[in-house]
Amino acid sequence: MITREQIPTVMEHPVYDTDGDKIGEAKHVFLDDVTGQPEWVSVKTGLFGTSESFVPIHEASVVEDHLEVPYPKAKVKDAPNVDVDAGGHLSEDEEHRLYEHYGIDWDAAWQQADAPGAYGQGGWAHTGTGETTHRPGYTDTGEATGMPGYAGTEQTTGRAGYADTGVSGDDAMTRSEERMHVGVERREAGRARLRKYVVTEEVQQTVPVRREEVRVEREPITDANRDAALSGPDITEAEHEVVLHEERPVTETETVPVERVRMTTDEYTDEETVRGQVRKEHIDTEGVDEDRYDR
């Protein structure tokens with residue numbers, strides 16, 4: 001368990017889970033209003049630490065320069081979101097939700113805290129209705145009245161719950177403010193694909209074709225062809241055949257590569273304005289003549 005003296009060592013330091021994976025940075029340590037002992041630590045998680053999750057600090061330990069908690073990183077990041085009021089406290093309902101998320105028995109925790117000497121300061125007070133009551137050393141408003149472990153009213157606590165350690169142990173008050181960090185994440189914006197398919201088209205081409213036709217030629221008997229004409233029998237039957245030819249179009253196809261197609265991406269840079277809200281603490285004074293000290 002973390003002691004009050006170890007809180008400065010924990011603040012703004014890394015928090016690791018049971019597997020040695022970094023969960024985030026410790027942002028705040030919350031104390032029990034009655035015992036004044038550290039009870040929860042809020043861890044900044046997510047992109048640039050934009051989320052904050054609560055982790056029980058009962059069984060946590062400080063190892064070198066970081067805090068180790070006995071819970072896996074996913075368990076911490078999935079913890080229910082809770083709203084810490086202006087006084088820096090958790091409501092009982094939110095506390096119940098956190099206990100249930102981390103599998104901690106609420107009644108058993110109360111009995112352990114209520115045992116004499118628990119946390120060194122008498123423990124918690126719990127009524128049959130589930131409401132928290134104040135132990136000696138606190139007023140009805142939950143304001144510290146000098147119980148051991150506290151310095152007067154330097155740190156006050158509200159209703160039963162947890163007190164943020166935003167007030168330092170000396171006479172100085174720390175003013176904090178939130179800073180917005182903007183980053184970018186890469187996500188899928190669409191898809192493009194190449195798809196090849198086959199279509200059939202009608203094509204035509206004109207080619208010349210030749211054919212043969214019979215033409216009868218008659219020539220008179222002359223001295224030049226008389227011998228050829230009288231070479232056969234005088235009177236007989238005969239026939240002569242001529243083979244005719246023609247050309248017809250014949251088609252065939254062949255596959256030839258004509259081009260190569262690929263897809264590439266071009267990257268363009270645009271500018272977008274991001275707006276958000278950040279909180280800042282302001283410190284006002286009462287009963288102090290600031291002009292006097294300015295002079």
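**Close-up 1. The exposed and buried residues of helix α3 in a predicted model.** Asp93 and Glu100 are exposed on one side of α3. Why do they lie on the same side of α3? They cover an arc of only 160° around the axis, so they share that side. An α-helix has 3.6 residues a turn, so residues three or four places apart point the same way.

**Close-up 2. His66 in strand β6.** This strand covers residues 66-68. Is His66 buried or exposed? The relative accessible area of His66 is 14%. Buried means under 20%, so His66 counts as buried. The side chain of His66 makes a polar contact with the side chain of Glu68, at 3.2 Å. Which residues does His66 contact when its neighbours within four places in sequence are left aside? They are Pro14, Tyr16 and Ser61.

**Close-up 3. A nonpolar surface patch.** Met180, Val182, Val274 and Val278 make this patch. Its area is about 330 Å². Where is Val182 found? Val182 sits in the loop between β7 (162-164) and α5 (226-229).

Notes. Residues numbered from 1 in each chain as written. Predicted model: local features only at pLDDT ≥ 70, side-chain atom pairs only at ≥ 80, totals over all residues. Heavy atoms only, no water. Buried < 20%, exposed > 50% of the residue type's maximum accessible area, 1.4 Å probe, protein only. Helix = DSSP H or I, 4+ residues; strand = E, 2+ residues; numbered from the N terminus. Arc of directions from axis to C-beta. Patch = residues over 30% accessible without salt bridge, like charges linked within 9 Å, V, L, I, M, F, W, Y side chains within 5 Å. Areas by Shrake-Rupley, 256 points an atom, 1.4 Å probe, with all protein chains shown as cover. Salt bridge = Lys/Arg side-chain N within 4 Å of Asp/Glu carboxyl O. Polar contact = N/O pair within 3.5 Å; in protein donor to acceptor, adjacent residues only side chain to side chain. Contact = heavy atoms within 4.5 Å.
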